[in-house]
Amino acid sequence: MAGAKVQVNKPHKTRFASKSTRNVHKVSLQDKRKAAKSDRNVGKGTAREARLQRNKMAMEKKRAAVLKEKRALSTGSASSPRVIVLYGLSQTVDLDSLERDLLTLLTTNEATNANTNTNTNTTVASSEYKLRATVMQAPHGDLLSCMEMAKVADLLVFVVSAHTHKEGSTGSYIDNLGSQFLSVFRAIGLPSTTVLIRDLPDDPKKRHAAKKICTSSLVSEFPEDCRFYPADTKDELHKFMWLFRDQRLTVPHWRTQRPYLMAQKVDIVDDDNSTEECTLLLSGYLRSRSLSLYQPVHVSGAGDYQVSKIEVLKDPCPLNIRIERDLMDAEEAFDFQVISTLIAKHKESLPVENKPKHPVGEQTWPTEAEMAEADRNHREKKRKKRKLPVGTSDYQAAWIVDDSDSDDSIIDSDGMVLDEYTASLTGHEDNKNLELDDDQASLQFTARESDEETEVDTVMVEGENLTREQIEEEIKKIKEAQAADEEFPDEVDTPFDVPARKRFAKYRGLKSFRTSSWDTKPADYYRAFEIENFARTQKHALAKALAMDKKSMESCVPSGTYLRIYISKVAKTVAYKLCNLSNKMPIIASGLMEEESKMSILHFSIKKNESYEAPIKSKEELIFHVGFRQVVCRPIFSVDNITGDKNKMERFLHPGQFSIASIYAPLSFPSLPLVALKRRGDDSTLTVAAFGSLRSVDPDKVILKKIILTGYPQRVSKLKSSIRYMFHNPEDVKWFKPVEVWSKKGRRGRVKEPVGTHGAMKCVFNGVLQQHDTVCMSLYKRTFPKWPEHKFPIH
């Protein structure tokens, strides 16, 4: 329909444009071909063919790396022997017969070469299987020996007996001790695992049924790639060894980052210059990585040391027996022929503790010498004396007022003026501690409080002369304290005989737990090293360790070499202990990366062992197994706070939840597994207390101990309330007046003024306070781990 609103389209103006203008937006066919064929695909065909070629090259590269690793770990003559650790899941398993069967199978008539320098392991070379192996038997009840063997095991063989199975029971293959040790192996990191089933019936049908029952009962306890083998006959063990030879072994990641040596022979050489120190000689195969001559080593349980000399020895257990036969026959005694020797030239000792010149932000609490000097100065002061009637008692003398005397002093029977606070602490029968002013008394008490928190609480560890009744009473007190801490966390009572301003002199209130700053540090804190950029330092140390493997350096020994390392400046007592321990457990010397010998503050994520029922208190002595390392420490536990830089201290390690354990220890790079052991109070038996892993190394992390002082409403009038029983004198109320108070029902307020002479106070809240509510005041104090008296167990 025509009209004024008819749509009219705009006509195109192509009739006025030229041909070149019309085709300006078009791309020529030649340009299209250039864009479709990139420079990287020139000469390689299409894009699909190039993609397939890249995938093929990546696959071949990965296959070559796997093949190289497999040859290095299994059959290569330059590789170290595989370590097979046998562990019986129950005490009834006969491991001696299985070890003899395996050694008989590996040892042939023409190639019998066993290295039995110690009683803990036996190394054999089999020309039939083209395999070298070290077979070790883990004692069922020795926790420390089993842990050290599991750290170096390439294959962990769990042995079960079919005779231990009972009808209708699924857990009879593993006893309580075996289950506990299995959890320890999981915490350390399981290598390749295998289960061997012994004592199966002779009847084929019953044999298959018994193997099926055993497999179904234990399959949930082990990794998915764990295999189950019958191991009664020679043919079954022969099949197992062939599969083991071709198996690609997996080891924990933390073990592949550091070189380590499992000593097959331990010797001692006396030092002519010192009567207390000697040189420790460890002989064995170097594993995992190359070891530098100037790289410090950690001897498990003994400490960190420097290597003075390395001797590369001829392999005492070569794989190619026929080639070595003529040479061995020519030598009357093999006696470890030395091929080459590397001698180190150490100019400086190993850095362990930091020595700052001017500590900044140090807490100004007095030392014991300063406190003794203050006592001596007060003794020299002249005391005022006054005459009293004959027969006046101490109680009567306290009520006699003299204008010249101070208000807070009393007079003893000899007319000596004593401070009321000092007299209440020491009593009139002990006049050794004389009067101190408020600050000195506060410092004296806080120093005494600090000693009580660190030493008295650990009386079970250090009190060797306690009787059995005293130990049981101490355990009872600790259990009651743990129960009270779980029911009323952080709540403490203000003492009657000590002013709160002196009892809690180290505590202070915080406006905000998250944003408030806290810079004070103790003197021991500056003995630990602080790394500016820890992530960059760790990356640099790992790259340096990897470069030693790729480059051939004169001061480095490649992995798989049989060598003897000379560790100098070892205490003779420690060296003789290591020699005795080598008869029942392997002695491990692991190489340390850069900066790992320096003391710092380590933080672990830790969880209490479910089977350990005794309470674990902060600052109790524990033995931490961190990777290859063993350190003695006194950790403090705190709540895991991911969002902030402050953690709240916990008095006990509560079961069923993860906490943070902070200790003074030599620096280590995460991630490393942690197994915490604790000695029992009545003997030296070690038990597994907790598991965990290394979280971080951070000296700046703030850990605050929180206490809560409680009071109860006496009178409530709208927003104002009179609170009592939080303090016991008005001076304490004035001292803590700036700190905010809160109630358990959600009210917040402030202290206005003291009321009366018995410590009551008037508070103003943001709402009406209920009569049955509880008023609280939060106070905080920064805490630090206890510096260890001895850092390592073997000392």
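I took buried to mean under 20% relative accessible area, exposed to mean over 50%, and partly exposed to mean anything in between. The model is a predicted one.

**Entry on S161.** I looked up S161 and found it in strand β5, which covers residues 155–161. Its relative accessibility is 3%, so I put S161 down as buried. I then asked which residues S161 is in contact with, leaving aside neighbours within four places in sequence. They are V93, Y173, R198 and D199. With D199 there is also a polar contact between the side chains, at 2.7 Å.

**Entry on D640.** I placed D640 in the loop between β25 (636–638) and β26 (646–650). D640 has a relative accessibility of 29%, so I noted it as partly exposed. Once neighbours within four places in sequence are set aside, D640 is in contact with I660 and R695.

**Entry on cysteines.** How many disulfides does a search of the whole structure find? I recorded zero. For C579, the closest cysteine sulfur is that of C278, at 8.1 Å, so the pair is too far apart for a bond. The cut-off I used for a disulfide is sulfur atoms within 2.5 Å. C579 is buried, at 17% relative accessible area. I looked up C226 as well, and C226 is buried at 9% relative accessibility.

How values were computed:
Residues are numbered from 1 along each chain as its sequence is written. This is a predicted model: local features need pLDDT of at least 70, side-chain atom pairs count only at pLDDT 80 or more; totals for chains, interfaces and linings use all residues. Side-chain values use heavy atoms; hydrogens and water are left out. Buried means under 20% relative accessible area, exposed over 50%, partly exposed in between (1.4 Å probe, protein chains only). Helices (H or I, at least four residues) and strands (E, at least two) are DSSP runs, numbered from the N terminus. A polar contact is a pair of N or O atoms within 3.5 Å; within protein, one must be able to donate a hydrogen and the other to accept it, and residues adjacent in sequence count only if both atoms are side-chain atoms. Contact means heavy atoms within 4.5 Å.
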